[in-house]
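The report below describes selected local features of the structure shown here. Each heading takes up one part of the chain and its surroundings.

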Amino acid sequence: MAVIAVLGLGSMGMGMALSCLRAGHEVLGFDPRPDAVRALRAAGGVALTAESAPRVEILVSVVLNTAQTETALFGSEGWAGKLAEGGVVISSATIPAADARRYAATAAEQGLFYLDAPISGGATKAVEGRLSIMASGDEEAFAKARPALDAMAETVHALGPEAGTGSAMKSVNQLLAGTHIAAMAEAMTFGVAQGLKPEDILRVISVSAGNSWMFENRAPHVVEGDYTPLSTVAIWPKDLGIVTEAASAMGLDLPVARRALGQFREAAEAGLAQEDDAAIAKFYAERAGLKLPGE
């Protein structure tokens, strides 16, 4: 049994914490929202405190972005500084590869191991312990992180000894995921504009060549008119921004990703930022004067 702390108890972090509990580990959690910590405690976990932090062997950071990662781990009240020497940080936020390399160096200066370990799979797979984790770090970081990885992931892609490689792979995944969600929204509204029923579009395309994981996962939200956020519209300006900025630095133009980024930015500015990312379909539909289910 390992002592595992999870920073960030949102839909992904809570699922990961519950998977670690189910695997028999002692799980501590921190989130600025007291109700999230109470939910973890009700499931058998405990609150992470400065007093309990030195017992933590594995610290899993599931926050939103670079700024939150830096604050949560290495800020003036950062949790990395409260761990005993020799622990491992598993950093799962989607961040630029350069930042992952920088955080790995900072962790090493503090006597900690660092695993660059972005995640994919969604909230359902998080709670089922069936995530895909794109991980890079040295052998000892992998070894120390193994109890948590085994509890949280169906597949761990070991991508080499250098931090940053995992984050680079996640940016490839996010390029595809973001453009596929935007394409789902276009396809659904295009079908509705032609008089097709949303449920028929989902039924037919899900078993046809045009299907994608994102279409099959997000189109039901449109059919049901339910945009309760699991992954929000606001995530994609950040993630596709990481993609396009990295590409620009290498002199590479990504016109499809760049266009999808613009659509997500406009949808967020139109008031959809905190709705489920499938709500970008509402943005397309409104501009065309179309009505989707639930409207």
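## Helix 12 and its end

Just after helix 12, Gly289 adopts a positive phi of about 70°; helices here are DSSP runs of H or I with at least four residues, strands are runs of E with at least two, and both are numbered from the N terminus. The model is a predicted one, in which local features need pLDDT of at least 70 and side-chain atom pairs count only at pLDDT 80 or more, while totals for chains, interfaces and linings use all residues. Residues are numbered from 1 along each chain as its sequence is written, and side-chain values use heavy atoms, with hydrogens and water left out.

Within helix 12, the residues Ile280, Ala281, Lys282, Phe283, Tyr284 and Ala285 are buried, where buried means under 20% relative accessible area, exposed means over 50%, and partly exposed lies in between (1.4 Å probe, protein chains only). The cover over these buried residues of helix 12 includes helix 7 (165-193), helix 9 (213-224) and helix 11.

Asp277 is located in the loop between helix 11 (255-272) and helix 12 (280-288). Asp277 counts as buried because its relative accessibility is 0%. When neighbours within four places in sequence are set aside, Asp277 is in contact (heavy atoms within 4.5 Å) with Ile181, Arg218, Ser231, Thr232, Val233, Trp236 and Phe264.

## Helix 1 against helix 6

Two packed helices are described by the angle between their axes and the distance between the axes. For helix 1 (residues 11-22) and helix 6 (residues 139-152), the axes come within 8 Å and cross at roughly 105°; axes are lines fitted to C-alpha atoms, for helices over the stretch in contact, with angles running from 0 to 180 degrees between N-to-C directions. Helix 1 and helix 6 are therefore roughly perpendicular to each other, on a scale where angles under 35 degrees count as roughly parallel, over 145 as roughly antiparallel, 65 to 115 as roughly perpendicular and the rest as oblique.

Met16, Ser19 and Cys20 of helix 1 make this contact with Ala148, Ala151 and Met152 of helix 6. The residues of the contact divide into five nonpolar, one polar and no charged, counting Ala, Val, Leu, Ile, Met, Phe, Trp, Tyr, Cys and Pro as nonpolar, Asp, Glu, Lys and Arg as charged, and the others, Gly among them, as polar.

## Aromatic pairs

A search of the whole structure finds four aromatic pairs; rings of Phe, Tyr and Trp (its six-membered ring) pair if their centres lie within 6.5 Å, and planes under 30 degrees apart count as stacked, over 60 as edge-to-face and the rest as tilted. Phe30 is partly exposed at a relative accessible area of 33%, whereas Trp79 counts as buried at 10% relative accessibility.

The rings of Phe74 and Tyr103 also form a tilted pair, because their centres are 5.7 Å apart and their planes lie at 35°. Since Phe74 lies in helix 3 and Tyr103 in helix 4 (residues 97-109), the pair ties together parts that are 29 residues apart in sequence. Phe74 is buried, with a relative accessible area of 17%, and Tyr103 is buried, with a relative accessible area of 1%.
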